[in-house]
Amino acid sequence: ITRIVIIGVAAAVFMNVASAFLKGSIAQTGFYITFMLLMGTLMSGYVIAADLVTDAMNSLLEFMEAVVPIYTLSVGFAAGSSSAASFYSIITILIVIIQKLLCDFIIPMIYIYMVFNFINNITEENVFTRICELLKTVIEWILKALLSCVIGMNIIQSMINPVMDSLKTSALGKAASMIPGVGGVLTSVSGLVLGSGTLIKNSIGMASMIAVIVLCFIPVIKAVAMSIGYKFAGAMLEPVSDKRISNAVNGIYESIVLLAKTLLYGVVFFLLTMAIVCYSTNRTV
């Protein structure tokens with residue numbers, strides 16, 4: 001951030017001095033050289049933020065791949081096989097979504113958006129402004145559409161599968177209660193076992209949700225802090241430097257904000273799924 005501010009101020013001083021004492025072409029050439037230096041500095045900051053978000057995504061995927069088998073078993077024991085199978089299928093879909101869409105499509109698309117922002121600010125005409133707005137809108141729409149799909153899948157599954165498992169459990173409980181002599185004992189023991197299984201399931205789910213938050217908390221805070229730093233640098237440079245420089249810095253700010261949003265959406269996908277499964281499978285108790 002300090003380098004960006006120094007380069008921006010130096011570019012402003014150079015442009016003013018060159019415009020006063022030298023020809024216009026020399027001043028423009030000096031500006032382009034300074035702008036290329038600024039682009040290199042901004043690119044290095046973006047690469048750091050992109051690697052941070054990508055590593056956090058990969059860590060999140062590895063953690064969920066390790067937790068899913070354990071949590072699926074607990075859901076199957078506490079709620080039933082239908083709920084466990086639906087939870088496993090949803091988590092598998094989420095892992096594919098994050099790997100193929102967020103990591104392999106959205107993040108490269110954010111990189112393209114950043115590059116177009118740079119190219120758009122090289123000249124004073126701003127010929128790629130609409131393309132930049134289109135890319136940003138498409139990225140945000142895709143993230144919101146994925147969130148809607150995840151919520152919809154979870155709600156539909158939570159309305160069907162727990163009810164099916166509840167019917168099976170109720171039928172077995174009534175059949176056990178009809179056994180002469182030991183029916184009441186079997187009913188009490190089965191209720192105790194199901195209640196213990198539900199407690200274990202919810203404990204695993206809550207611990208997993210806390211672990212996901214802890215795992216991605218630091219990367220999200222770092223990405224937000226970087227975006228605030230770039231926003232501050234752009235605000236500092238706007239009164240003193242060329243508008244193209246402040247716009248380029250603001251473009252990096254928006255790119256890192258999109259990276260932070262992508263990571264947050266990935267975290268929310270898993271948190272919503274775990275929360276809905278924990279709540280919906282409690283109905284069988």
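Phe128 counts as partly exposed, at 24% relative accessibility; here buried means under 20% relative accessible area, exposed over 50%, and partly exposed in between (1.4 Å probe, protein chains only). This is a predicted model, in which local features need pLDDT of at least 70 and side-chain atom pairs count only at pLDDT 80 or more, while totals for chains, interfaces and linings use all residues. Residues are numbered from 1 along each chain as its sequence is written, and side-chain values use heavy atoms, with hydrogens and water left out.

## Aromatic pairs

Three aromatic pairs turn up in a search of the whole structure. Rings of Phe, Tyr and Trp (its six-membered ring) pair if their centres lie within 6.5 Å; planes under 30 degrees apart count as stacked, over 60 as edge-to-face and the rest as tilted. One of the pairs, Tyr46 and Tyr111, is tilted, because the ring centres are 6.0 Å apart and the planes stand at 40 degrees. Tyr46 lies in helix α2 and Tyr111 in helix α3, so this pair ties together parts that are 65 residues apart in sequence. Helices (H or I, at least four residues) are DSSP runs, numbered from the N terminus. Tyr46 is buried at 2% relative accessibility, whereas Tyr111 is partly exposed at 38%.

Phe128 belongs to an edge-to-face pair with Phe116, at 5.3 Å centre to centre and 65 degrees between the planes. Phe116 sits in helix α3 and Phe128 in the loop between α3 and α4, twelve residues apart. Phe116 is partly exposed too, with a relative accessible area of 23%.

## The nonpolar core

Now for the inside. The largest nonpolar core has 69 residues, and those with the most contacts inside it are Leu42, Phe269 and Phe270. Such a core is a set of buried Ala, Val, Leu, Ile, Met, Phe, Trp, Tyr and Cys residues joined through side-chain atoms within 4.5 Å. Helix α2 (24-78) is among the helices that each supply at least two residues of this core, and the largest share, 18 residues, comes from α2.

Leaving aside residues up to four places away in sequence, Leu42 touches Ile4, Phe118, Tyr230, Ala248, Val249 and Ile252; contact means heavy atoms within 4.5 Å.

## Val115

Helix α3 (residues 81-122) also holds Val115, which is partly exposed with a relative accessible area of 26%. Val115 and Ser255 are 140 residues apart in sequence, yet 9.8 Å apart in space, C-alpha to C-alpha.
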